[in-house]
Number of protein chains: 2
Amino acid sequence: MEQITALDVRDIRFPTSSQADGSDAMHPDPDYSAAYVVVHTDGTHGHEGHGFAFTIGRGNEVQTAAIQALAPLVVGRPVAETLSNLGGLGKDLVHDSQLRWLGPEKGVIHMAVAAVVNALWDLRAKLAGKPVWLLLSESTPEEIVDLVDFRYISDALTPEEALAILRKAAPTRSERATRLQVDGYPAYTSTPGWLGYDDAKLRRLCREAVEEGFDQIKLKIGRDLDEDRRRLAIARTECGLDMRIAVDANQRFDVGEAIAWIRALAPHDLWWVEEPTSPDDVLGYAAIARAVSPVPLASGEHVHNRVMFKQLLQLGAISYLQLDATRVAGVNENVAVLLLAAKYGVPVCPHAGGVGLCELVQHLAMFDYVAVSGSVEHRAVEYIDHLHEHFVDPVVVQRGRYRTPRAPGFGATIRPESLEQFAYPDGAAWRERAAGDQWK
Amino acid sequence: MEQITALDVRDIRFPTSSQADGSDAMHPDPDYSAAYVVVHTDGTHGHEGHGFAFTIGRGNEVQTAAIQALAPLVVGRPVAETLSNLGGLGKDLVHDSQLRWLGPEKGVIHMAVAAVVNALWDLRAKLAGKPVWLLLSESTPEEIVDLVDFRYISDALTPEEALAILRKAAPTRSERATRLQVDGYPAYTSTPGWLGYDDAKLRRLCREAVEEGFDQIKLKIGRDLDEDRRRLAIARTECGLDMRIAVDANQRFDVGEAIAWIRALAPHDLWWVEEPTSPDDVLGYAAIARAVSPVPLASGEHVHNRVMFKQLLQLGAISYLQLDATRVAGVNENVAVLLLAAKYGVPVCPHAGGVGLCELVQHLAMFDYVAVSGSVEHRAVEYIDHLHEHFVDPVVVQRGRYRTPRAPGFGATIRPESLEQFAYPDGAAWRERAAGDQWK
């Protein structure tokens, strides 16, 4: 019987800080990184499962240690049985009676579960010969509900309610799957908006966004109010009145400060304000949302599990839910989050960018459209044109839309030569940088 | 100028699971562990700073990796300047622009900050020749406020309000410090109540609790309702009507289930119900508290930062706040939590037990009494009679009260021979266990 034989875990880092790519009010100098895992089996099919947790540099070695800590819970499992019950596998990892102390269900240990669960989804989809979005979209409502851990969310969403949402969408799934493959899924671009870019670069990238057919962009804010006003004015001038312009404060403010800052920027017609304060402060979000209404709030990339999403939805505190592919415990928990969002009627606009997050999260958005919410209205997946060249199956975004991925798997596989070059600290990219630093 | 020269980080584990010590509804088999750190300097005074994060076994190596990740932010700092501004040091560690992605302010990376910050408090107190509770209690209100990171809590507590709380208590500090050294600080015992103990052991340990002078015990609940009723009846019979009997569900329930379970146990006169559901679910706590009123709820050992405590207090969801010495970012953040609790008038009954948590947290409770809340009413520090023999300055609990520690420092120092014996996986205790397992 085929078994899982090993988790091969690697510390992969890209020196993005040198270009100010990804710079925002709280993270001025990220080095986009992947705590990368390959699930090996003793099968003869030649397939492996690839997954990762995304971090921004320092500490990626802690993330790889956390993935390694899950190996004893996964290695030795029978492949067929494990892949046919990924909901059960996910619960075993999340609720391990000793490891849960490190969270519970948050931070490094939870992102480690994401990496492993996602790698197993990649393997399952490769063996099925289908991309994950399609594999999920072809599952029965009962199979999908089985993926969900209802612990701590049953007061907001019962298995019966989840089934009803999925059954309602089921009869029309194939129409939407067809349309998706023709039209693609809406994307928005955050490429222009990093705080570390000067006005000329902002201007140029805004023009490019228009030319490339995007109808939504996002700018980072929160360092200086006058700077924000100036940059929003530039973007509006370059992009025109029809462009949706969202802004992202990356947790910069306290509650009172957020209210004042957002009110000051409100005349700039903000599509949403993202992460105005601590992602943990669900009451703070609710207070801000009430005070700045009708300006909509968005959050999710640092919302650490379904329990936190549940509360944001119960409070009506967010108008857009930005799930992330590797922050919560992988595909399974994101299915729970999609169902919660559908229950509360809040559109999901996934967080992406970083390294490989676009590649992964497009599958979840497409599944949402086909089998859960059934809508693309007010929905778009973030897109940032960074680091896709390192992936075996990079995303394809054309005229502001993600094309449906066709390759089997989850799209998480980084090219072998990139894994080698950006291995930390011994890959060529880092050895060169260290050598360069010596001459400064 | 004296500098910090190294963080020496060790993985220390005690095989407590073999005795069912610490067994509860979610953690049936903990191996109490310390991700232990020693801060070395190049000073000639011979002092080191000792600290740790507490975990329950598997994953302690992830916790040690996280502490190690902080070393570059600490090593090389000047000792005097660092120790005179531990508030600033704590903020530097918490808000590191890359490491924060691993939390932010939660889980493994946040507990790593706790270990390092607490180790520096230990060093500072040793150099001052005072126990931490006294050092803190002798600080000026302004110095204490400088320790607090008001980010994300200014909507609930301003620096001015914090100063007012501290100034109000200042004139009568010395009376309370004197009384404390005579009377000690109230303790309650959780020793009798582990789920893995049989009825005879429960009965015996309840009798011992009475004999030892405790006026509060705590029992684990949540595995089986009839079992809980039977164990509560045994405890009441053995301990009498005057004993305060608290119960602890260790996150076992969903919201609806918690309400039904607590109502079923309410006739047993529960002093509090601890962790009925996910520690993240502040709205769930509020819903449960409303539904089971007047049964009081308690939480804190898994409440991951001041932002979460703030919300529990804003909602009036908890009647007892159970801060933990190593879950949030060490002494500094716990000072913030004590001030928040004082502002909202909620008594603090710290979580302890594990390994070394009693040794640390008694200092915070005593500081609270002398300089913050000024009261011991409805307050007690958890006490469990486990593993104290491994500490250089073990807690002293007599007639149900913690005696004030007199040794300089934070009490975190584990004896060198214990560090050696319980080093994982190469210490004698683990080598013996592995050898024993071979013969099974």
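**Symmetry.** To compare the two copies, I superposed them by least squares on the C-alpha atoms of residues with pLDDT of at least 70 in both. I kept in mind that this is a predicted model. A rotation of 180° with 0.0 Å of shift along its axis brings chain A onto chain B, at an RMSD of 0.0 Å. The two copies are thus related as by a two-fold rotation axis. I then looked for the C-alpha of chain A nearest that axis and found A:Gly107, 2.6 Å away from it. The same surface serves both copies, as 100% of the contact residues of chain A recur in chain B.

**Interface.** How many residues of chain A are in contact with chain B? I found 50, and they meet 50 residues of chain B. Next I checked which helices of chain A supply at least two residues each to this side: H1 (60–74), H4 (107–128), H11 (255–265), H12 (282–292) and H13 (306–314). H1(A) gives the most, with six residues. I sorted the residues of this side of chain A into 20 nonpolar, 19 polar and eleven charged.

**Sheet.** I turned to the strands of chain A and saw three of them in an open antiparallel sheet, ordered S1-S2-S3. S1 (4–13) and S3 (49–55) of chain A are at the edges with a single partner strand each, so one side of each has no neighbour in the sheet. From one strand to the next, the twist averages 20°. I followed S1(A) along S2 (residues 33–41) of chain A and found nine antiparallel bridges. A:Ile4, for one, has A:Thr41 in S2(A) as its bridge partner.

Conventions
Residues are numbered from 1 along each chain as its sequence is written. Chains are lettered from A and ligands numbered from 1 in the order in which they are written. This is a predicted model: local features need pLDDT of at least 70, side-chain atom pairs count only at pLDDT 80 or more; totals for chains, interfaces and linings use all residues. Two residues are in contact if their C-beta atoms, placed from the backbone, lie within 7 Å. Helices (H or I, at least four residues) and strands (E, at least two) are DSSP runs, numbered from the N terminus. Ala, Val, Leu, Ile, Met, Phe, Trp, Tyr, Cys and Pro count as nonpolar, Asp, Glu, Lys and Arg as charged, and the others, Gly among them, as polar. Two strands pair if DSSP finds at least two bridges between them. Axes are lines fitted to C-alpha atoms, for helices over the stretch in contact, and angles run from 0 to 180 degrees between N-to-C directions.
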